[in-house]
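Hello,

Here is the structure I promised to pass along. Please open it beside this message, and then read on for what turned up in it.

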Amino acid sequence: MSAHYQVSGGTAAEISASVESGIRSGELAPGAALPPVRALAAQLRVSPATVARAYQELRQRGLLATAGRHGTRVRPRPPVASRRARHPTSAPGARDLSRGEPDIRLLPSLGPHLAALAGDFAAPVGYASVGVLPELADAARERLTADGVPADEVTVTGGALDGIERLLAAHLRPGDAVAVEDPGWANLLDLVAALGLRPIGVPVDDDGPVEAGVRAALAAGARALVVTSRAQNPTGAAVSADRAAGLRALLAGRNDLLLIEDDHAAELARVPLHPLAGATPAWAFVRSVSKPYGPDLRLAVLAGDEATVARVAGRAQVGAGWVSTVLQRLVLALWRDPATAALVDRAGESYERRRGDLLAALAGRGLTGHGRTGINVWLPVPDEISALTALRDAGWAIAPGALFRIAAEPGLRITVSSLDDADVPALAAALAAAVRPRPTSNFTA
C-alpha cells in the first residue's frame with residue numbers, strides 16, 4: 001500500500017469508504033496492494049471479520065481484486081474516477097506498444113464526411129425523431145447477413161462495451177457467473193467486476209475458446225458466455241469453422257445461457273467470420289466501428305433474438321435514450337464511401353503484415369508468439385515483471401499479461417498497429433533478451 005495513505009475506519013462501511021477515497025484521490029493507485037485482513041484489523045483495532053466485510057464489498061463493486069499470493073490490490077481500472085492526473089504508461093522516449101489501439105495514421109479522416117453531411121442537419125431534430133435510423137439499420141442488416149449473422153432484430157449502442165454491459169444487466173443479476181475468455185479483454189473483466197458478476201475463465205487457443213473450458217464453465221453455473229469472434233484481445237485468436245461447430249453443438253438447447261459474440265475487428269479482419277449466433281435461444285452479436293473507423297466513433301451494431309434486442313433497446317429508452325443520429329449518419333457515410341472501404345482494407349493488410357513479421361522474427365529467435373488476427377501479439381513468458389523491467393530498460397513499453405488474466409499463464413501483450421517495419425528486428429531481440437536473460441556470473445575479474 002502507498003506509504004502516504006492510511007486506511008481508516010471502525011466499521012466495514014467506514015473502512016470501504018476510506019479505501020474508495022484513497023482511490024479517488026489517486027493515493028491508492030491502480031495495482032496498489034492493501035494490507036492483509038488481519039494486519040489491517042490489528043492496525044485499526046477492529047475484528048478481522050469487519051475488514052473482511054469491507055474488502056468483500058469493494059470486490060463486489062469492482063474496486064479491489066484478490067491476486068492470490070499477491071494479496072488484495074486495487075483493480076487496474078476501478079470504476080471510480082481519480083482526481084489525480086494519470087501518469088504516463090511508459091518512460092519518456094520509449095516506444096509504446098501497450099495501448100491496444102489502431103494506427104491513427106490508417107484511420108479515415110472524418111472532416112470531409114461531416115462537411116458533406118452538414119446539409120442534413122439544417123433543421124433541428126426533436127425527441128420524436130430520434131432512435132435507430134432505418135437506413136443505418138438496413139445497412140447493418142445487409143453487412144451482418146453477408147457474414148452469416150441473422151439480423152432480423154437490430155439496435156445500436158454506444159460501442160461494444162456499452163452493448164455488452166446492457167446485455168449483461170438485462171439478463172443477469174449481481175452474483176451470477178459469466179464465462180469469459182482467459183486471457184481476455186481487460187475492459188470486459190473490469191466491467192464484469194463492476195457489475196458484481198462472477199467471472200469464470202475459459203482457456204483460449206488460436207482457434208478461440210476451448211470446448212472443454214466452456215463445458216467446465218457451464219457446469220460451474222455460468223449464466224452468460226462472452227466470445228470474441230476474431231482478433232481476440234490479447235491473443236489474436238479467431239474462432240475457426242471446426243471450433244464454431246463444436247461450440248454450437250455444446251451450446252445447443254441451453255435455454256439458461258446468454259451467448260454474446262464480440263466482433264470488434266469487423267472489416268479489419270483477414271479471416272472469415274464463423275458466428276455462433278442463434279446457437280442458444282438468448283443471443284447477441286455485437287460489432288463496433290471503433291477499430292476500423294476510429295475510437296472516437298462510439299457506436300456498435302447489436303443483433304440478437306427478439307427478446308434480447310428488445311430488452312437492450314428498452315433499457316436505452318429509460319437511460320441514455322439513443323445513440324446520436326449525427327453519429328449514426330456519419331457511420332453510414334463511412335460505410336458507403338468506397339475510398340474509406342479501401343483505406344480500411346489497406347489498414348487490415350498492414351496489421352496483418354506487421355503481426356506476421358513480428359511472429360516470424362520471434363520464431364527465428366526460438367520464441368512462440370500468438371496472433372492469428374488483429375493488432376496484438378501474445379507472448380508467453382516465465383515472469384512478467386522481470387520481462388517488463390528488461391523491456392522498459394531497453395526502451396519498449398509493453399502491456400503486462402496480468403491485466404488480461406484470471407488463471408492463465410503469464411504473458412505479454414504487444415500491440416503491432418504502430419510498429420514500423422524497421423523496428424521489428426530490434427523489438428524481437430529485446431523480447432528474446434527479456435524472456436531469456438543472460439545468466440549472471442558469480443565470478444569477478
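Touching, or contact, here means heavy atoms within 4.5 Å. Ala179 sits in strand S5, residues 177-182. Strands (E, at least two residues) and helices (H or I, at least four) are DSSP runs, numbered from the N terminus. Ala179 counts as buried because its relative accessibility is 2%. Buried means under 20% relative accessible area, exposed means over 50%, and partly exposed is in between, using a 1.4 Å probe and protein chains only. Between the C-alpha atoms of Ala179 and Arg141 there are 28 Å, with the two residues 38 apart along the chain.

Before going further, a word on the source. This is a predicted model, in which local features need pLDDT of at least 70 and side-chain atom pairs count only at pLDDT 80 or more, while totals for chains, interfaces and linings use all residues. Residues are numbered from 1 along each chain as its sequence is written, and side-chain values use heavy atoms, with hydrogens and water left out.

Now to strand S10, residues 282-288. Seven of its seven residues are buried, so S10 is largely enclosed by the rest of the structure. Ala282, Ala284, Val286 and Ser288 point one way from S10, while Trp283, Phe285 and Arg287 point the other way. S10 has these partners: it pairs in the parallel sense with strand S9 (residues 258-262) over five bridges, and five bridges also join S10 to strand S11 (residues 300-304), antiparallel this time. Two strands are said to pair if DSSP finds at least two bridges between them. To find these pairings on screen, look for Asp262 opposite Val286 in S10, and for Arg287 opposite Val301 in S11. As background, strands of a sheet pair through backbone hydrogen bonds, either parallel or antiparallel.

There is also an open sheet of three strands, in the order S12-S15-S14, with antiparallel pairing. Its edge strands are S12 and S14 (399-400), each pairing on one side only. Helix H13 (residues 338-364) packs on this sheet and touches S12 and S15, and its direction makes about 20 degrees with that of S12. For that angle, axes are lines fitted to C-alpha atoms, for helices over the stretch in contact, and angles run from 0 to 180 degrees between N-to-C directions. S12 (residues 376-380) is mostly covered, with four of its five residues buried. The antiparallel pairing of S12 with S15 (residues 411-415) runs over five bridges, and Asn376 stands opposite Thr415 in S15.

The buried residues of H1 include Ile15, Val19, Glu20 and Ile23, and its buried residues pack against H2, H3, strand S1 (64-66) and S2. Just after H1, Gly26 takes a positive phi of about 90 degrees.

Thr72 belongs to strand S2, residues 72-74. At 12% relative accessibility, Thr72 counts as buried. Leaving aside residues up to four places away in sequence, its contacts include Ala32, Leu34, Tyr55, Arg59 and Leu64.

Finally, some backbone details to check in the loops:

- A cis peptide bond joins Asp182 and Pro183, with omega about 5 degrees; Pro183 lies in the loop between S5 and helix H7 (186-194).
- The peptide bond from Asn233 to Pro234 is cis too, with omega near 25 degrees; Pro234 is in the loop between strand S8 (222-228) and helix H9 (241-251).
- Arg45, in the loop between helix H2 (37-44) and helix H3 (48-60), has a positive phi near 60 degrees. Arg45 is exposed, with a relative accessible area of 80%.
- Ala266, in the loop between S9 and S10, has a positive phi near 50 degrees. Ala266 counts as buried, at 5% relative accessibility.
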